[in-house]
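User: I would like to go through this model and ask what stands behind the terms used for it. Please set the values against the cut-offs where that helps.

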Amino acid sequence: MSNSSTFSFASSLDRAKKLISTFQNIPLIIDNTDDNIYIDVAKLFLTDARFNHSLSVAKLAYDVSCINNDLNKNDAYIAGILHDIAKDLCKDEQFELALNNKYFQNDFPKYSYHAFASAVIAYYIFNVNDIIFNAISFHCCGKDNLTKFEKLIYTADKCEPTRDFETSDVRNLLYEDIDMAFVEEIKQQDDYLKTKGIDCRNNIYTTSMYNYYIKN
């Protein structure tokens, strides 16, 4: 679906609900990562480019979780495919949806709206669990004391292979150690933004994340 002036969140949500109603039960186990209901719904909301990014995040998160026995690979895939599902909505729609997320505050930067809104859509359509809801909510701003699963989704979003910048170092590290890859990612992100004169510590969550994980 292309993102154009004719795009309607309401009509896309209605189509998603009708699509889901044709399934007796929403699958909680992903048997085929290339063909499932989560992909069908994501395609209703996202441009081709955004969908390809989301699919890449989902596959990376799934693969990494498969070698981490304490993580649920199906939750990882679902969080990945749905993490940006609100990204192609207009900012007003994102904001209105984000208001339904208990973690959102009105003064948060506009670039973060989609994360909180995406979690709301994921919950409204699929009734995702708290693990997925939280990981989607915090994949943009981050926060202090993230869970290992939340770090995985945050980092996979930034280092998946379709990104138009070099991500292989963090991605390779992600397979070895999620905690180390996450810290390396936020360090690189901070260094890059500083070269652009941008301070990403413009909300309580991101500020607390850097204060917690970066000691200097």
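User: Where is Asn145 found?

Analyst: This is a predicted model. In it, Asn145 is found in the loop between α7 and α8, the latter spanning residues 148–159. Its phi is near 50 degrees, which is a positive value in a residue other than glycine.

User: What is phi of Asn127 near, and which loop holds this residue?

Analyst: Phi of Asn127 is near 55 degrees, again positive in a residue that is not glycine. Asn127 is in the loop between α6 and α7 (130–137).

User: Why is Asn127 called exposed?

Analyst: Its relative accessible area is 55%. Exposed means over 50%, so Asn127 is exposed.

User: What makes a set of residues a nonpolar core, and which members touch the most others here?

Analyst: The members must be buried residues of the listed nonpolar kinds, joined through side-chain atoms within 4.5 Å. Buried means under 20% relative accessible area. The largest such core has 68 residues, and Ile81, Leu82, Leu152 and Leu174 touch the most other members. Helix α6 (residues 113–126) gives the most to this core, with nine residues. In soluble globular proteins, nonpolar side chains tend to be buried together.

User: Which residues does Leu174 touch, leaving out those up to four places away in sequence?

Analyst: Leu174 touches Leu60, Val64, Leu152, Thr155, Ala156, Cys159 and Ala181. A contact means heavy atoms within 4.5 Å.

User: How many residues line the largest pocket, and which lie nearest its centre?

Analyst: The lining has 29 residues, with Lys158, Phe165, Gln189, Tyr192 and Leu193 nearest the centre. Two or more lining residues come from each of α3 (48–66), α8, α10 (178–195) and α11 (204–213). The largest share is that of α10, with five residues. The volume of the pocket is about 810 Å³.

User: How do the lining residues divide into nonpolar, polar and charged?

Analyst: Eleven are nonpolar, eight polar and ten charged. Asp, Glu, Lys and Arg count as charged, so Lys158 in the lining belongs to that group.

User: What is the average pLDDT, and where does pLDDT stay under 50?

Analyst: The protein averages a pLDDT of 86, and 83% of the residues score at least 70. Over residues 1–7 pLDDT stays under 50, although the model has 18 contacts beyond four places in sequence for them. Where pLDDT is low, the predicted coordinates should not be read in detail.

How values were computed: Residues are numbered from 1 along each chain as its sequence is written. This is a predicted model: local features need pLDDT of at least 70, side-chain atom pairs count only at pLDDT 80 or more; totals for chains, interfaces and linings use all residues. Side-chain values use heavy atoms; hydrogens and water are left out. Buried means under 20% relative accessible area, exposed over 50%, partly exposed in between (1.4 Å probe, protein chains only). Helices (H or I, at least four residues) and strands (E, at least two) are DSSP runs, numbered from the N terminus. pLDDT is the predictor's confidence in each residue, from 0 to 100. On a 1 Å grid over the protein atoms alone, a cavity is a set of points where a 1.4 Å probe fits but cannot get out, and a pocket is an open set with protein on both sides within 12 Å along at least five of seven lines; lining residues have an atom within 4 Å of a point. Grid points are joined across faces, edges and corners, and a volume is the space filled by probe spheres set on the points.
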